[in-house]
Amino acid sequence: MSFRKRGEIVGSPNVIPSAVPGRGGAPPAAPPVALPNTRQPPAMQSMPSSFRPAVQGRSAVVPQRGSVPGTLGNLQLQRPNTQQQHQQRKDEQPLLGSHPGVRPSILTSEPCISTGSSDIDKILAHQGLPIGTSLLIEENGTTDFSSTLLKIYLSQGIVQNRLNPSSQNTHLILVGLDQTWAKTLPGVYKGSSKERKKLAVKENESKVSVSNLIDSQQQQQLQLQKEHILAQKQKQQQQESSNNDLKIAWRYGLQRKSEKSEDLSESQYPNYNNQFDITSTLIPSASPKELTSISIPTRSKSYDLVLKQIEQAIQRQPPNVLIRIAVPLFLNPMIYHESQLQTTTNVIQFIHGLKRILKTHQSRTTLLISLNLDLFPRSNPMTSLIEMLSDAIIELRPFDPQLYNLMEKIYKNQPAKIKHGHLNIHKLPTLSDVGLMCVQDMEYSFKNGKKKFQVEEWSIPVEEEDTDNHNANANSSSAHGHDEPDVASVNPMSSKRQTTTDIEF
Amino acid sequence: MTSSSDLQHQDLAVYQDSSIVSHRTLSPSYNHLNLILHHQSTKPTWLTVALVENCLLDTCYLNTVKTKNSGYTLNGNVKSEVILASFINDLNVYSKQFIKFLNLDISAPSSPNFKFLEFLKKDIDRWFETIQLEISKLSQKTSSKVTVFLENPELLLFITNCTINQLLEKLQILNQQCNLFIISNSDPSLLDHTEFENDISTIYSTYLAKLIHKSNLILSLCPLKTGRANDITGQLKINKGLISSIPNVIVKEREYLYLVNKDGNVKLFFR
């Protein structure tokens, strides 16, 4: 890296030569006209009128182009024109403040929703996914962690929708899979078995019965005595803690402040985020009123009908209803049977169409897509184009079996520390658009736990057992009074060799 | 190891006369085609805003040394009329930046010298006619030249039935009427030229190669080869295009390192 001062080179003004051949000059300049203060609205855009045939000569690798987005054969999609868009914006009220699952971004103040995982919300930098944006979840290998994320994303919407039974505030759109998949959405985490037992006991105690009434009188007396003792203890503790605060280092004080601020944000938005138990299912399961499932039609050659159905499902909902769209297992041949649906043109048209829908209803829609990178690796240009059209991208890269086994061995006594894979960030909503470099490879790890999809900073596991053994060997050798340094304690490999040769001889 | 805090903040200069968009490129006799290439992780929004500002007002928010007040105002006389057309972003991406650095609200049609067009919600098939219409509207109003910024027009190759030659032909027609800045993605995965003529990366790399052969100036933004750094976002390379520019309008080839903060503020450093 060199250090140079800025040099200013001033060029002398010269006559500009004639145009280079092949590059036209500007049209004759019009005489200066007084500028009006107002401008006419942009021209109304008309619909594409006819289905376009496939381009010749593009059928080998990019076979048959589908119809232009917005058309389905002779059937035309209702693409909103400028006036309709203005009308929609008027109708769609801002959800911030009125919806329990919406809070402002901590960076840009944009309204955000929770993805269902508080850790994913944190790594997205906004404490959630900004409304009007999309998140692409890429996954390597044969695992299906991304579906878990999509399920909790949908479950979060249903839980918020059921907060007020009288009015609907969230609607889900599931693309590619049907209601049977939606029946496996996880339920809210209700605590550990001990906590559940305690809750059950409390519920029993709260019920009105003769034995409970007698017990309650005795318990009241006991409680009064306990409260009195507790109050005295608290007074003592307060006095002690005020003295201790002066002794504790300042940084601990700062930590306390941050904890307090987190608590404050949780108390401000109590229903923003829930914890989900992936071993349970949401009861009652999502009804057709809450969730619209849009299947991929068989023998379909393009995604136009799917896009149209999504658009119609959004328009059916009242303007103050938040829409969560999920596209799980995108391009998985299990769901997307027809090879036509996997052609680049059709896929890019579909993703572009989804983005158009998001931006048309940008005050109330969000989108999550999952894509398997074994089928479409990141080096595939089609994946690059899908990424280009996505607002945020995270990649789940499960550990190699060897690394996973090593972690299991190292953290034998601390199973909570065992992670399932790396989580890479390739794009963050809004920040990447501004030009920030948000790529973070191998900096985070994830664990798909029972009660939480946990994301933590990645740290390389250290095999402490070997060092302990070496120390033990070193101690034992010194205890036996060897003057020469023990080779085995310096090089563990040599110790193994030594032992094997001993056995052989 | 030097960090950005040790380096002196530099001003952006593209041409040898220290200008960013030279006055001489705005002469009616010759129209320039400029390319802005970027990777997915280094989007050029900040650079686009800086270039638009320089086209309109002859100032640049990146520079510490302010140019002499040349009397340009957003509602009055400007250096060049500007149209910014995007195929991938809506105005939300740009609006905050324009308000912050230019005090220009692009969501309201307040400035008669600037027009933002987005083809995400609008009918993408009529993009060419729409831009042509806007160019003719703006050129009728004033004598100054129109500069058009096109963001990711390469998407047209994949979402419409447009072929490479058809797209390049349309861009050529637009370039005959105005100066063009074309913003395109140059991710390595998209530029893997294969032997298959209709492969997506072959189509893309052919399009970009042809465009480079028509360009006068290439500005490219790419991430550091060493990966992410906290104090450097990426590098900006300024190169001559394959068509030689007007004599005495010489592109000063150089490399900058740049840093974009979360606030959107940008600093440039010499490499």
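**View 1. B:Glu151 and B:Ile183 stand opposite each other, the latter in strand 5 of chain B.** Strand 4 (residues 146-151) and strand 5 (residues 179-185) of chain B pair in the parallel sense over 5 bridges. Strands are DSSP runs (E, at least two residues; helices are H or I, at least four), numbered from the N terminus, and two strands pair if DSSP finds at least two bridges between them. This is a predicted model, in which local features need pLDDT of at least 70 and side-chain atom pairs count only at pLDDT 80 or more, while totals for chains, interfaces and linings use all residues. Residues are numbered from 1 along each chain as its sequence is written, and chains are lettered from A and ligands numbered from 1 in the order in which they are written.

**View 2. The open sheet of chain B has 9 strands.** The strand order is 3-2-4-5-1-6-7-8-9, with mixed pairing. Strand 3 and strand 9 (266-270) are the edge strands, each pairing on one side only. Neighbouring strands are turned by 20° against each other on average, direction ignored (axes are lines fitted to C-alpha atoms, for helices over the stretch in contact; angles run from 0 to 180 degrees between N-to-C directions).

**View 3. Strand 3 (residues 114-118) of chain B is mostly covered.** Of its 5 residues, 5 are buried (20 or more other C-beta atoms within 10 Å of the residue's own; exposed means 12 or fewer, partly exposed in between; C-beta atoms are placed from the backbone). B:Phe114, B:Phe116 and B:Glu118 lie on one side, B:Lys115 and B:Leu117 on the other. B:Glu118 is the bridge partner of B:Ser86.
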